[in-house]
Amino acid sequence: MVIKSTKTKIGDWIIVAICVLLIVICLFPMLNVLATSLSSKTAINNRWVYLWPVEFTLESYTYTLKDWSIIWSLIYTAILTVISTVVSLLMTILCAYPLTQNNFVGRKVINTIVIFTMYFSAGIIPDYINIRNLGLLDTSASLILPACLSVYNMVILKSFLKSVPPSLQESAELDGASHWVVLFRIYLPLSTSVLATLALFYAVGRWNGFQDALYYISDSSKYPIQMKLYQIINNLSAVDTMAQEGVATEQPAESMKSATIMFATIPILVVYPWLQRYFITGVTVGAVKG
């Protein structure tokens, strides 16, 4: 039985208080947006809405769901996120595994080059020119291929794979196993937690991706949800300006903005509980050994 000292208990309470404060800070804006999206036009215009809906109504969501382009953007982004996550995990595995093999010729040089890209990049303009020259503008590939490998995530996976006992691989190789067999039969089954964590990183990054779509996509039917959200908020800002000038509008722009934001946010939040149990384990285990 572990007996904690008074100082330790005080320290624990301080940590709990800080965590609660951070939770409140993070939840407050989301609750405010949710309450705004569920409140009436009168309540919003009179600034009565803070954390709870005032004069509850679903009109903003009804208006939002009437726009089929939003529904399609959500479906398209979900498909894009799944494909992007699978491709990114595959690229991360294929990059991390060879760099853990001591007999891989040029391992240190390649590792240095890969790590170099974490700190230095060509910039936005060369990236755009490269995408244009490859003929990827206005294609889904422009949203998948340029970001299909995160060096940071690769380092996490490489660190975890390095922590696997070498004797497992040596035993498999003595039985005639190839590197592919070692990778898929030994390393990957042991890497479930870290792979789930990296999948979460990649999925959230793609779902929230906005900048690449802004640069590479001009066809509105290929807008991911965040780009569509940007377009809608810009349009609603014009509606809000009209309302301030005395032009009548059916639904307040602020309510429509909030409903659209919640519509784009809730799906990715649903994913978190499924991967939460892997998250802490994956990050900490992947950082055990460099």
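The following exercises, each with a worked solution, concern the predicted model shown above.

Residues are numbered from 1 along each chain as its sequence is written, and side-chain values use heavy atoms, with hydrogens and water left out. As the model is predicted, local features need pLDDT of at least 70 and side-chain atom pairs count only at pLDDT 80 or more, whereas totals for chains, interfaces and linings use all residues.

**Exercise 1. Aromatic pairs**

Determine how many aromatic pairs the whole structure holds, and classify the pairs Phe116–Phe120 and Phe210–Tyr230.

Solution. 
- Step 1. The criterion is that rings of Phe, Tyr and Trp (its six-membered ring) pair if their centres lie within 6.5 Å; planes under 30 degrees apart are stacked, over 60 edge-to-face, and the rest tilted. A search of the whole structure gives seven such pairs.
- Step 2. The ring centres of Phe116 and Phe120 are 4.8 Å apart and the planes stand at 25 degrees, so this pair is stacked.
- Step 3. Accessibility is then assigned: buried means under 20% relative accessible area, exposed over 50%, and partly exposed in between (1.4 Å probe, protein chains only). Phe116, at 49%, is partly exposed, while Phe120, at 53%, is exposed.
- Step 4. For Phe210 and Tyr230, the centres are 5.0 Å apart and the planes are at 55 degrees, so the pair is tilted.
- Step 5. Helices are DSSP runs (H or I, at least four residues), as are strands (E, at least two), numbered from the N terminus. Phe210 lies in the loop between helix H10 (192-207) and helix H11 (211-216), and Tyr230 in helix H12 (residues 225-244), so the pair ties together parts that are 20 residues apart in sequence.
- Step 6. Both residues are partly exposed: Phe210 has a relative accessible area of 26% and Tyr230 one of 38%.
- Step 7. Ring pairs also link Tyr128, Tyr215 and Tyr216 into a cluster.

**Exercise 2. The setting of Ser37**

Solution. 
- Step 1. Ser37 belongs to helix H1 (residues 6-37).
- Step 2. A polar atom of the Ser37 side chain lies 2.7 Å from the backbone oxygen of Leu34.

**Exercise 3. Positive phi angles**

State where Arg47 and Asp138 lie, and give the phi angle of Arg47 and of Asp138.

Solution. 
- Step 1. Arg47 is in the loop between helix H2 (41-45) and helix H3 (59-65). Its phi is near 60 degrees, a positive value in a residue other than glycine.
- Step 2. Arg47 has a relative accessible area of 69% and is exposed.
- Step 3. Asp138 is in the loop between helix H6 (124-133) and helix H7 (151-163). Its phi, near 65 degrees, is likewise positive in a residue other than glycine.
- Step 4. Asp138 is partly exposed, at 23% relative accessible area.

Methods:
A polar contact is a pair of N or O atoms within 3.5 Å; within protein, one must be able to donate a hydrogen and the other to accept it, and residues adjacent in sequence count only if both atoms are side-chain atoms.
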